[in-house]
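Dear colleague,

I am passing on a structure that you have not worked with before. Please look it over first, and then read the notes below it.

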Amino acid sequence: MSLPFFSLAFLQLALFVNWAVVAAMTLYVVKPLLRNSADALQVTSGHLFGDAFSPYLVGLVSDTLETQHNLSEASALKYALLIMPAVMVLGGLAFITSARFVPEDR
């Protein structure tokens with residue numbers, strides 16, 4: 001196997017390792033009778049805003065960059081994909097900020 005394959009595997013692991021922590025935090029702060037609903041809502045909203053909406057948003061930004069700023073299709077897509085790291089940083093900051101309040105919310 002090659003280095004890019006192992007790099008991709010490691011980055012995928014690093015990207016998705018937080019799901020267990022998020023689920024544990026969700027179940028920790030919610031009353032036992034509401035835990036199933038809270039977990040379902042957390043998973044659904046995560047997939048709705050992440051898996052379902054992000055390709056549309058990246059395509060919309062790419063098309064806008066291509067038409068309004070006269071970029072090539074590849075360049076527009078490259079710049080549109082830069083949304084992902086910015087959103088990940090914002091999500092990390094929100095995660096760290098909210099994690100500080102978990103003991104109080106129990």
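This is a predicted model: local features need pLDDT of at least 70, side-chain atom pairs count only at pLDDT 80 or more; totals for chains, interfaces and linings use all residues.

Residues are numbered from 1 along each chain as its sequence is written, and side-chain values use heavy atoms, with hydrogens and water left out.

The protein has 7 helices and 0 strands, where helices (H or I, at least four residues) and strands (E, at least two) are DSSP runs numbered from the N terminus. The radius of gyration is 18 Å, whereas a compact globule of 106 residues would be near 13 Å; the value is taken over C-alpha atoms, and the globule rule is 2.2 Å times the number of residues to the power 0.38. Buried residues make up 10% of the 106 residues, buried meaning under 20% relative accessible area and exposed over 50%, with partly exposed in between (1.4 Å probe, protein chains only).

In helix 4, the residues S54, V58 and S62 are buried. They lie on the same side of helix 4, because they cover an arc of only 65 degrees around the axis, as judged by the directions from the helix axis to the C-beta atoms. The other side of helix 4 has Y56, T67 and Q68 exposed. The buried residues of helix 4 pack against helix 3 (35-52), helix 5 (73-80) and helix 6 (83-99), contact meaning heavy atoms within 4.5 Å. After helix 4 comes N70, which has a positive phi, near 55 degrees.
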